[in-house]
Amino acid sequence: MTQTQPLAKDFANLLAVRNMMMSARVANDADDDRARVARWISGLSAPLACDMREEAGVRRFYPDVVRDPQPIFYLHGGGLVYYSTAVFAPFLSALCQQTGREIYAFDYPKAPETPMQDCVDALERQLAEWITPARPPALVGDSVGGLLALWFASGPFAGAFSSLHLIYPVLARHHDFASFDAFGQGYLLDAQTMRGFARHWLPWCDAQRFDPLDTGFAWRALPPCTVHTAGYDVLKDEGLAFVAKAREQGCSLMHYHHPAMPHDFCLYAGKLPSAQRAVDVIADALTNRTE
């Protein structure tokens, strides 16, 4: 696989330090690993950029000036295992200010302690409580949150969202892509880790016959869709495959490729200029998308 643009220099420097730290890490239990990952992200985050409140288990962000009354609903990534809305708060607060839209960030119980169906059920209950037909929200999901967003937008809540935005999303029921070999180690989401994460959702996808790369997928149920892919990401190729399939099916779709970015770049926008520039593109898409 030939890359037309090198990894952003600020990210390359950061990953060199991170990879040295990771090579010396001793394996811990799930809770210790979650805390360690959260500390790493926190050390590279900016202060909150707007007012934030927690209400009924949902983290809500309020811009100083509301420029769009339709809110953003956000489903975060982390392989179903890591992260929380607290980890995403600095990024989401900045996105809130940039778009002028309220953001509702939904957490969910984590694997491996919680089966996938229970995670989905918990999110479905929360979404049902907060969706307001008079103000149809944009639904945004990153990584496995993108897979969850696609599930809700094409099935249980088809027609409820004004638009769908997928950021370096999980989309495939297999890992037979060149990007898994090219970027499988050292770019924030390793291939081995991704395959481990996938054990939590692939059986559920099989049981639901949920395959976003299949021609029989519910393409016509989707609202206008925007997809963001990253150049140095094991998930890049499945994102590109989804974009191609969606266009074949005549979906309303916009695609933004961030060639110099690795997976999870949104979480580093507070400290890395290259990541901030990529997040600016995401904010513009959420601001200018015809909904």
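Helices are DSSP runs of at least four residues, numbered from the N terminus. The structure described here is a predicted model.

The description starts with the sheet. Eight strands build an open sheet with mixed pairing. Their order is E1-E2-E4-E3-E5-E6-E7-E8. Strand E1 (51-55) and strand E8 (253-262) form the edges, and each of them pairs on one side only. On average, neighbouring strands are turned by 20° against each other, with direction ignored. E1 and strand E2 (residues 58-62) run antiparallel and are joined by 5 bridges. Within E2, Phe61 stands opposite Met52.

Two helices are placed relative to these strands. Helix H4 (residues 116-130) packs on the sheet. It touches E1, E2, strand E3 (72-75) and strand E4 (103-106). The direction of H4 makes about 160° with that of E4. Helix H5 (residues 144-154) lies across E3, strand E5 (138-142) and strand E6 (163-167). H5 runs at about 145° to E5.

Val120 belongs to helix H4. Its relative accessibility is 1%. Buried means under 20% relative accessible area, so Val120 counts as buried. Which residues does Val120 touch, not counting those up to four places away in sequence? The contacts are Leu148, Trp151, Phe152 and Trp204. One of them, Leu148, is 28 residues from Val120 along the chain. The C-alpha atoms of Val120 and Leu148 are separated by 7.7 Å.

Gln192 is in another setting. This residue is found in helix H7 (residues 191-198). Is Gln192 buried or exposed? The cut-off for exposed is over 50% relative accessible area. Gln192 has 70%, and is therefore exposed. In sequence, Gln192 and Phe73 are 119 residues apart. Their C-alpha atoms are 30 Å apart in space.

The surface also carries a nonpolar patch, formed by Val17, Met20 and Met21. Together these residues have about 310 Å² of accessible area. Met21 is placed in helix H1 (residues 9-23). The relative accessible area of Met21 is 47%. Patch residues need over 30% relative accessible area.

Methods. Residues numbered from 1 in each chain as written. Predicted model: local features only at pLDDT ≥ 70, side-chain atom pairs only at ≥ 80, totals over all residues. Heavy atoms only, no water. Patch = residues over 30% accessible without salt bridge, like charges linked within 9 Å, V, L, I, M, F, W, Y side chains within 5 Å. Areas by Shrake-Rupley, 256 points an atom, 1.4 Å probe, with all protein chains shown as cover. Salt bridge = Lys/Arg side-chain N within 4 Å of Asp/Glu carboxyl O. Buried < 20%, exposed > 50% of the residue type's maximum accessible area, 1.4 Å probe, protein only. Pairing = 2+ DSSP bridges. Axes fitted to C-alpha atoms, helices over the stretch in contact; angles between N-to-C directions. Contact = heavy atoms within 4.5 Å.
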